[in-house]
Amino acid sequence: MGYNVTQKLINSHLIQGEMTPGSEIGLKIDQTLTQDATGTMVMLELEAMGVERAQTEASAQYVDHNLIQEDNKNPDDHLFLESAAKRFGLHFSRPGNGVSHPVHMQRLAAPGKTLLGSDSHTCANGCMGMLAMGAGGIDVAMAIAGEPFYVKMPKVWGVKVTGELPDWVSAKDVILEMLRRHGVKGGVHHVFEYYGPGLKNLTAMDRHVIANMGAELGATGTVFPADEVTRRFMARQGREKEWFELLPDEGAGYDVHDELHLSDLAPLIAKPSSPGNVVPVEEVEGEAIYQSYVGSSANPGYRDFAVASEIVAGKQVADGVSFDINPTSRQMLVDLSQNGHIANFLQAGARLHQAGCNGCIGMGQAPATGRNSLRTTPRNFPGRSGTKEDSVYLCSPETAAVSALEGKITDPRKSGLAYPSIVELEKPTVDTRLLDDPLPLSEAKKVNLVKGPNVASIPEMGELPDEMELPVLLKMGDDISTDEILAGGARVLPYRSNLPEISKFAFEIVDDTYYDRAMDVKESGGHAVVAGANYGQGSSREHAALAPKYLGLQVAIVEDFARIHWQNLANFGVLPLTFTNADDLEKLEEGDVLQFKDLRNKLSKSSTFHVEVKGKDLQIEVEHALSERQIEIMKAGGLINWVKERLDKD
């Protein structure tokens with residue numbers, strides 16, 4: 001039996017391990033992507049590890065998240081990132097150039113490559129016939145240094161695509177249909193690979209929309225073939241010479257099978273507060289809205305904006321509705337302007353924002369309390385918008401635009417409007433200045449890192465103790481997101497390069513007393529947290545592991561973890577354990593003290609062991625999924641300590 005595209009990509013980059021689902025493999029990484037919310041820590045990690053120069057084929061540092069400059073912290077960090085990109089040999093994209101994922105797709109993504117990014121939506125670039133994965137920042141730092149990326153060999157979920165999308169249905173509805181079927185954890189430990197005759201009816205940017213929100217399925221990645229559609233896109237970007245055909249072999253098999261008939265799809269919407277809470281739009285019609293928002297990495301293409309522009313052209317958005325337009329790149333802004341779409345938006349009453357992530361990460365455009373916000377963004381976790389008591393729905397640009405005109409959630413098929421026919425631009429703007437080229441090594445060595453007063457070096461982490469008594473400070477339920485563990489937004493993210501300060505926001509959405517209680521027990525050995533299923537879903541930001549670690553978190557015991565957060569915890573010396581029996585979560589209470597004895601030996605001897613609850617006649621059986629390599633990292637107190645030990649031995 002031949003290989004599918006995912007297997008071809010993995011096989012051609014396999015450095016360690018075997019392609020057996022569930023086993024740990026090490027992959028060569030060709031490209032990396034970092035953004036400013038996570039990249040500051042990556043650059044500090046490169047400095048801490050003594051890395052001289054990027055060893056990848058191409059690495060790029062983008063500034064797209066923290067664009068609001070209300071004081072010195074963000075602009076200082078932008079200067080730090082620019083200096084670090086020059087020092088370590090990275091491409092650099094300055095503020096206002098655009099969102100990392102579509103810009104990377106336009107300028108650097110290429111068939112047959114591997115891409116690792118410190119942003120969970122890095123998987124969007126799987127639309128280009130490459131294996132693109134999100135990871136914690138330190139994994140990306142290691143890849144930049146030339147080290148393999150270690151991950152559990154995924155199963156491949158084949159999705160056969162047939163038919164053609166009907167009017168008023170677009171790529172966002174495709175991925176919402178996948179979320180409706182499989183939920184936010186259905187894709188854990190899988191790569192979704194799309195194939196079949198219907199792919200010819202999905203543009204490269206349509207595929208980007210679908211691949212982007214593979215992160216919301218919990219997937220390791222999403223892969224599309226590199227076919228004629230990919231070639232046409234790269235040709236329009238002036239990069240056709242980098243294209244080659246990459247298709248599944250005839251008779252290639254898949255571990256899981258699914259089928260999408262595009263012709264059967266209808267407009268869908270994800271209700272608050274989960275991307276998996278998907279229903280047909282017609283089920284929630286009539287709900288009044290305060291905000292309608294078009295843009296973000298989940299709908300970054302020209303047609304996503306153009307179709308919304310044509311819908312509102314010559315009309316006015318409803319009274320009381322904030323119609324927010326978030327262009328995804330400077331290049332996109334030029335094309336939209338030259339074709340009259342920006343004028344359409346402004347004349348209809350829209351608010352135009354700078355090119356960047358902005359409201360998607362809670363960096364501005366927060367909705368009013370108790371009011372509904374329609375967004376084409378990828379996530380609607382509680383509080384992610386910047387408003388604690390938010391009510392965010394996820395939908396297509398068509399649904400967002402029609403609803404903005406009506407002032408309420410509306411099935412766009414019932415608008416009475418003619419469906420706009422949007423033709424992809426044959427000669428889009430090509431702006432090669434969106435990425436500054438790396439400096440030659442001789443010049444890079446002369447660059448000093450520019451550190452403002454808010455940039456703090458990473459505190460040293462101690463080794464894993466052999467015996468611990470840890471109070472349970474938090475008991476949580478299912479689907480706790482990294483936004484709930486450590487919020488994003490304009491209040492929090494400016495402290496991304498200052499761990500002591502950003503830790504003050506840890507778990508505030510779950511329990512605003514956590515920080516004080518954690519500090520009270522930090523010096524006496526730290527603490528533990530327990531939770532239900534899919535713990536750590538969402539963003540790849542490693543601060544959600546680092547900040548609790550700084551506050552003394554030693555162990556997290558849950559029913560199961562989201563992939564990236566599990567790896568982040570292990571990387572920073574927080575022991576990630578799962579309950580052997582899920583019912584044991586109910587036996588534990590906040591305040592219980594967990595006793596760990598002979599821990600270092602137990603980790604090496606078995607994947608299961610018992611934890612005693614002090615003062616109770618109770619033992620809890622727990623499991624770990626750490627490889628031998630990760631056990632050594634855990635014992636060392638995290639990946640930075642482990643790397644330092646290796647360098648010292650050399």
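**Close-up views of a predicted model**

View 1. The model is predicted: local features need pLDDT of at least 70 and side-chain atom pairs count only at pLDDT 80 or more, whereas totals for chains, interfaces and linings use all residues. Numbering starts from 1 along each chain as its sequence is written, and side-chain values use heavy atoms, with hydrogens and water left out. Helices (H or I, at least four residues) and strands (E, at least two) are DSSP runs, numbered from the N terminus. Within α10 (residues 330–338), Gln 331, Met 332, Asp 335 and Leu 336 are buried. Seen down the axis of α10, these residues fall within an arc of 130° (directions from the helix axis to the C-beta atoms), so they line one face of the helix. Just after α10, Gly 340 takes a positive phi of about 85°.

**View 2. The seven-stranded barrel.** The strands close in the order β20-β21-β22-β23-β26-β25-β24, with mixed pairing; two strands pair if DSSP finds at least two bridges between them. Strands β24 (residues 593–596) and β25 (residues 608–613) pair in the antiparallel sense over two bridges. Leu 594 stands opposite Val 613 in β25.

**View 3. Cysteines without disulfides.** A disulfide is a pair of cysteine sulfur atoms within 2.5 Å, and the count comes to zero. The sulfur of Cys 123 lies 10.0 Å from the closest cysteine sulfur, in Cys 127, too far for a bond. Cys 123 is buried at 2% relative accessibility.

Notes. Buried < 20%, exposed > 50% of the residue type's maximum accessible area, 1.4 Å probe, protein only.
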